[in-house]
Amino acid sequence: ENCPRQNRSSNSFDEESLSEEELAMLMEQVEQRKKLISTMRNKPWRMVKKLSVLREAQAFVEKFEGALGKGKGKKLYAYKMMMAKKWVKFKRDFDNFKTQCIPWEMKIKEVESHFGSSVASYFIFLRWMYGVNLVLFGLIFGLVIIPEILMGMPYGSMPRKTVPRAEQATAMDFSVLWDFEGYIKYSALFYGYYNNQRTIGWLKYRLPMAYFMVGISVFGYSLMVVIRSMARNANQSTADGDDDNFIFSWKMFTSWDYLIGNPETADNKFASITTGFKESIVDEQESNKDENIHLRRFLRVLANVLIICCLCGSGYLIYFVVKRSQTFSKMQNVGWYERNEVEIVMSLLGMFCPPLFETIAALENYHPRIGLKWQLGRIFALFLGNLYTFLLALMDDVNEKLAEEDVVKNITRWMLLGHHNSSMGNSSADTPPPLDPADVPRGPCWETTVGIEFVRLTVSDILVTYVTILVGDFIRACFVRFVNYCWCWDLEAGFPSYAEFDISGNVLGLVFNQGMIWMGSFYAPGLVGINVLRLLTSMYFQCWAVMSSNVPHERVFKASKSNNFYMGLLLLILFLSLLPVAYTIMSLPPSFDCGPFSGKKRMYEVIQETIELDFPLFIAKIFSYMANPGLIIPAILLMVNSLRKIPIKLKINQHPSTCLKLLTHVNLNKNDQLL
Amino acid sequence: MELHGRYHEMAPNVVPMDYTKDPDVKLPMQLIINMPELKENPFKERIVESFSEDGEGSLSFNDFVDMFSVLSEMAPRELKAIYAFKIYDFNTDNFICKADLEKTLNKLTREELTAEEITLVCEKVIEEADMDGDGKLGFADFENMISKAPDFLSFSFMFHI
């Protein structure tokens, strides 16, 4: 249909000047072709047709695009088009390259074909976490740790950077190092090592300011990345999924997992689909059954009461244990158990309470999906309660240390006086020789203590997870496989059989671990590095464990909807871990002799100091006006409002086209019927 | 090109390495449904039939690329819905009628359900999804139902190649 037009345009192209009208028409045709090229992918044509139409459109565009510029503008236009094309090609090549660079893609695909997409989604989540932690590590390492090590004062030059004389004898012992005391405590891994010098080195690097800003940007970057991931997930999944209108249709058309490539898994999937259908049929047939509502309500209330008792009990236990550990730390000769009691108790609670909750929940008789939500909510409450109890107990410790500081300051003053007098007696020099850094009495440095606690908690969490996997999955699989030959009942079919991969347990563990990292990274910059190592080894270790000792699930587990649920949980944990850090920054005074903020009344004063000393005067005035609460509160309200509108906008974007299509189809069908 | 490699290795004697002269080579269904991505899929024959030009199930290279592009992660939802409809329409009459539903269900459960259960499920499906009341699912009904399904894009209509 376009042939006559083409001939006419090619004739007029030979002429030097094109009329306005013809130019406009030509431009419209080129735009039309370009649009066709970009939407080619969506058309349900055969490949042959698509290819031929594509080639024709591309040839047309190439031939006449250059002609569209007028006179001198012609060359510029042609040049712009060429650059645009080159840019599109470059972007496509770069995208291809990026896809090839994604690590562990083959490993995850293998897991996916054996275990289905839900188990693989855990590993994809793990890989994403690894990426985020790597970026955070880069920030902290590059902007805080490296400058202090390269340009700051070296080890041994200042009291805060030296192991005290009393501890030097045992500072290299493995047991001391394992507790993160000794040389590790006085290294760049912890807050206490950093000097409060305003600028260091020949670069005049503002380390305290950098430390503060990096601490804040850790949270800022994590927030941005989590929200972006949630928005992307929300775009892909449409309806709530709780839509009960299409249960059987969806079971029929979307229950087969096209990613399964393994016959064993396929067998399991067939079985689970059949079971799923049978269950839905039974549900459908029994939906009119009469139930004893009162008994059910009573049982549910009873179950909730029991669980609240468990939660309170575990909270109290943790508080008690932390208090006890403080008295232990004052004693000499504490055994290994006393030193690690807090971590052991917390890990044990985390391991045994969830199954306990599941057993109690059997009283409630909920639909499995709803029951799962309750279970996850309760585990969340357990971990949160434990963590916050731990923090409260830690706060008591911190306040105690702050009170101790005055005492230490007095001791230091007397000691210096004494040293001064004794050295004046020996020589007649005016200035006394400086006191050896190892001999200066130290303040208690509560920030480093907090950092050490978080690092120890993280390390014990890592160990417990790995040991659980090793024993619970691998040793169990070995036992079932090898002892089966000489055992009375079939170990593989009955108890204990092979383990299934606990997706929700693992994902929750990852999410809470990340929460602890966020909380502790301000006081222990090295913590993120430890986490990066942990995630890296986790990926290999868990992939190996899953392939060697787990069996595919018997029941189907939907992957897509849960993804945003776990992201939402991560967001919540991010806010909850921001709170304690923000509180300590705003209201606790930093230690007087350790860390980058020592000597200040509050940590955030470093910002005021930098603005006053480094920026011109008018900026300081602007900031002082901006810090007015009258401006800040409306700004926060505006932000909250716009954040609320985002999910609404996303939902609107998804529906109009499908609504329209349905209307037109229905109308067409109606017309056919009328005819 | 990776897809060409896969196509070639299924029948190295028949498929030429050089495709610039656009040779007219088709591979029969038996070879294609033995690919690892399709081997375990209960709908493998229908998938290959819907993408084959002659409807018999033999795929030329273009059809082969077509199939993997529709089933990839990048294909838009509307396109996938169109081909999903074709696949589940066993008698190719542009409607998913009760007989098609019964065949789908039998393939999904490997015929482990009783006749009553099958009838019940098929009736429920038609009750849920049939908007225009003709007792079978037209494309509009199917698309309306599948566009709301949370799993349709994630794993229930996709390969990773």
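In the predicted model described here, the side chains of A:Glu148 and A:Lys161 meet in a salt bridge with an N to O distance of 2.6 Å, a salt bridge being a side-chain nitrogen of Lys or Arg within 4 Å of a carboxyl oxygen of Asp or Glu. The pair links distant parts of the chain, 13 residues apart: A:Glu148 belongs to helix H6 (residues 117-151) of chain A, and A:Lys161 to the loop between H6 and H7 of chain A. Helices (H or I, at least four residues) and strands (E, at least two) are DSSP runs, numbered from the N terminus. Both partners are buried, A:Glu148 with a relative accessible area of 1% and A:Lys161 with 0%. Here buried means under 20% relative accessible area, exposed over 50%, and partly exposed in between (1.4 Å probe, protein chains only).

Residues are numbered from 1 along each chain as its sequence is written, while chains are lettered from A and ligands numbered from 1 in the order in which they are written. Since the model is predicted, local features need pLDDT of at least 70 and side-chain atom pairs count only at pLDDT 80 or more, whereas totals for chains, interfaces and linings use all residues; side-chain values use heavy atoms, with hydrogens and water left out.

Over all chains, the structure holds 22 salt bridges. Another salt bridge brings together the side chains of A:Arg198 and A:Asp614 (3.0 Å, N to O). A:Arg198 lies in the loop between H7 and H8 of chain A and A:Asp614 in helix H18 (residues 605-614) of chain A, so this pair ties together parts that are 416 residues apart in sequence. A:Arg198 is partly exposed at 24% relative accessible area, and A:Asp614 is partly exposed at 25%. A further salt bridge is formed by A:Asp461 and A:Arg534, whose closest N and O atoms are 3.6 Å apart. The former lies in helix H14 (residues 446-483) of chain A and the latter in helix H16 of chain A, so parts 73 residues apart in sequence are tied together. In this pair A:Asp461 is partly exposed, with a relative accessible area of 23%, whereas A:Arg534 counts as buried at 6%. Salt bridges that share partners also join A:Asp179, A:Glu343, A:Glu453 and A:Arg456 into one network.

Chain A as a whole has 20 helices and two strands, and 39% of its 675 residues count as buried. In an unreviewed entry, UniProt lists several spans of chain A as "transmembrane region", including residues 209-227 and 375-395; UniProt positions are given in the numbering used here, feature names are shortened, and annotations may be inferred rather than shown by experiment. Residues 209-227 of chain A are 100% helix and 0% strand, with end C-alpha atoms 27 Å apart. Residues 375-395 of chain A are likewise 100% helix and 0% strand, and their end C-alpha atoms lie 30 Å apart.

Two loop residues of chain A were also examined. A:Ser521 is found between helix H15 (503-520) and helix H16 (527-549) of chain A and is buried, with a relative accessible area of 8%. Beyond its neighbours within four places in sequence, A:Ser521 is in contact (heavy atoms within 4.5 Å) with A:Ile140, A:Val218, A:Leu527 and A:Val528. A:Phe180 is placed in the loop between helix H7 (174-178) and helix H8 (207-236) of chain A. Its phi is near 60°, a positive value in a residue other than glycine, and A:Phe180 counts as buried at 12% relative accessibility.

The contact between the chains takes 65 residues from chain B and 56 residues from chain A. Across this interface one salt bridge is found, in which the side chains of A:Asp267 and B:Arg110 meet (2.9 Å, N to O). The largest share of the side of chain B that touches chain A, eight residues, comes from H9(B).

Within chain B, UniProt places the feature "domain: EF-hand" (unreviewed entry) at residues 39-74, 76-111 and 117-152. Residues 39-74 of chain B are 53% helix and 6% strand, with end C-alpha atoms 22 Å apart. Six of the eight residues of H4(B) are buried, so this helix is largely enclosed by the rest of the structure.
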